[in-house]
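Good morning. I will go through one structure today, starting with confidence and then turning to the domains and a few local details.

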Amino acid sequence: MITADQTSTFPRFLDLSYPSVERGEGVRLWTADGAELLDACSGGAMVSNLGHGLRDVVDAGVLQAEKIAYFYMDHFTNEPMERLAERLIEVAAPEMARVRFTSSGSEANETALRLARAYHVDRGEPDRWQMVSPAQAYHGSTMATLALSGRPRSLQHPYEPYLSPHLHVHIGTDPEAALRELDARLEEAGPGAVAAFFCEPVSGAARPAFTPPESFWRGLDARRERHGFLVCFDEVVTGMGRTGSWFAYQQLPIEPDIVTVGKGLGAGYAPISAVLCKQHVYDAVDRGSRFFDLGHTWDGAPVSCATGLSVLDALESRGLVARVRERGPRLLEQLQAALRGNGLVREVRGRGFLLGIELVDLPDEAHMDDRVEEVALRHGLLISTTHSNLDGFVGDEVVFAPAFTATDDELDMMVERLAARCAPTPSRTRSGMARS
Ligand SMILES: Cc1ncc(COP(=O)(O)O)c(C=O)c1O
């Protein structure tokens with residue numbers, strides 16, 4: 001365990017002690033002090049969808065690094081980047097036309113936001129800048145993406161002076177109420193002011209596996225048509241198969257104009273993310289400024305793209321998206337059955353291998369998120385939690401999102417351990433796992 005006064009790093013939480021992770025194989029992890037854990041959250045952040053230590057993917061990165069690891073995309077294109085863009089559209093997102101690579105989810109969402117703005121400016125509507133997004137959301141840690149959430153206490157304070165005043169809606173299970181709120185926000189913004197509706201089609205960490213009823217999406221589609229804004233989907237968590245289809249929007253009655261993908265694209269073997277857009281978005285820039293300048297140093301680097309290609313190959317050749325689609329409903333049933341009657345749990349939701357446990361609403365000071373996470377870790381299970389209570393959303397959330405490669409026995413063991421340990425303890429010491 002390493003505490004803040006024993007390290008030269010600047011830890012995220014200064015009053016925590018952090019175990020050091022040393023090795024991973026599949027869904028098993030070993031720490032330097034000898035603990036063995038089951039990873040039920042794919043590297044803690046829904047990233048390691050192929051499990052840890054996958055030789056083929058490691059080799060793909062090594063081979064590319066030996067040829068050329070890095071070059072800035074201003075000067076050259078490169079074969080892995082070209083092939084990954086082509087294969088992503090062909091295999092995972094045939095509805096999309098173009099791909100721009102970035103390195104993190106925040107960068108991808110920031111790029112999506114800029115692309116939405118560039119689209120309107122290039123079409124001669126420069127007044128469109130405002131975003132409307134759900135309040136209970138997480139879209140990244142940069143200032144632009146932080147402004148896309150309505151979470152002043154848990155995420156935005158004390159950086160409010162840097163955040164654009166975007167508009168937020170509260171989306172519950174009543175689609176009509178959510179659409180009425182959306183209409184109110186559109187009216188508040190005024191005609192021709194909204195650039196995009198920005199959201200996750202199926203929520204990741206902020207509200208695991210939650211998606212509004214279908215009529216909300218149909219209503220959103222109709223409003224896009226009527227008001228001329230774009231729909232941007234953040235699929236940083238859900239993209240690349242997490243919910244049982246390559247992209248979660250493929251299960252909904254709406255397609256986005258712009259979609260981002262992150263974590264699962266590199267699956268923890270390289271930091272790579274991407275923004276994909278439809279043809280008409282590309283056309284606007286093509287006929288307008290002919291310029292979409294947003295260059296992060298690592299965008300489209302050969303070593304990251306070669307790794308991403310290998311991840312895509314592994315998902316495809318092993319039929320892992322189909323496995324998630326087929327095995328997901330039973331995993332949800334197992335988790336629901338195991339937690340039935342647990343006084344801490346309000347709801348267990350799931351789509352594919354993205355499962356969420358919403359805890360009952362307890363006083364903020366109870367920090368149920370920390371306590372559940374801490375107890376699970378002490379008993380050999382790594383899960384992740386979100387402290388939603390702090391911003392007035394009911395119930396903290398637990399994320400259960402195993403690698404797609406987890407065997408049936410491993411999934412059974414994870415469910416068993418979680419159900420046995422999903423109970424509070426008097427301790428308020430955080431386990432020390434980084435979270436979004
Ligand atoms: C839905 C969603 N969007 C964006 C991000 C930001 O991604 P990154 O941490 O890679 O910048 C996250 C990270 O957890 C996320 O869950």
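**Confidence, domains and local details**

The chain has a mean pLDDT of 94, and 97% of its residues reach 70 or more. Please keep in mind that this is a predicted model.

Now the domains. How is the chain divided? The domain assignment gives domain 1 as 2-53 + 319-421, and domain 2 as 56-317. Domain 1 is therefore written as two segments, with domain 2 numbered between them, according to that assignment. Taken over C-alpha atoms, the centres of domain 1 and domain 2 are 25 Å apart. In the contact, domain 1 takes part with 36 residues and domain 2 with 41 residues.

Next, the interface itself. The size of an interface is often given as the accessible area lost when the parts come together. Here, about 2,900 Å² is buried between domain 1 and domain 2, and carbon and sulfur atoms give 59% of that area. On the domain 1 side, the residues that lose the most area to domain 2 are Val321, Arg351 and Phe393, which together account for 24% of what that side buries.

What about polar links across the interface? There are 18 residue pairs in polar contact between domain 1 and domain 2, with both residues at pLDDT 80 or more. Which elements supply at least two residues each to the side of domain 1 that touches domain 2? They are helix H1 (42-46), helix H12 (320-339), and strands E13 (345-351), E14 (354-359) and E17 (397-400). H12 gives the largest share of that side, 4 residues. By class, the side of domain 1 that touches domain 2 has 17 nonpolar, 13 polar and 6 charged residues.

Salt bridges come next. The count between domain 1 and domain 2 is 1, whereas a search of the whole structure finds 30. Another pairs Arg185 with Glu188, and their closest N and O atoms are 2.8 Å apart. Arg185 and Glu188 are separated by about one helical turn, because they are 3 residues apart in helix H7, residues 175-189.

Last, two points on the backbone. Most residues other than glycine have a negative phi, and most peptide bonds are trans. The peptide bond from His157 to Pro158 is cis, with omega near 5 degrees. Pro158 sits in the loop between helix H6 (152-156) and strand E8 (167-169). Ala267 has a positive phi, near 50 degrees, and lies in the loop between helix H9 (263-266) and strand E12 (273-277).

That is the end of my part.

Technical notes. Residues are numbered from 1 along each chain as its sequence is written. This is a predicted model: local features need pLDDT of at least 70, side-chain atom pairs count only at pLDDT 80 or more; totals for chains, interfaces and linings use all residues. Side-chain values use heavy atoms; hydrogens and water are left out. Contact means heavy atoms within 4.5 Å. Buried area is the accessible area (1.4 Å probe) that two parts lose on being put together, summed over both. A salt bridge is a side-chain nitrogen of Lys or Arg within 4 Å of a carboxyl oxygen of Asp or Glu. A polar contact is a pair of N or O atoms within 3.5 Å; within protein, one must be able to donate a hydrogen and the other to accept it, and residues adjacent in sequence count only if both atoms are side-chain atoms. Ala, Val, Leu, Ile, Met, Phe, Trp, Tyr, Cys and Pro count as nonpolar, Asp, Glu, Lys and Arg as charged, and the others, Gly among them, as polar. pLDDT is the predictor's confidence in each residue, from 0 to 100.
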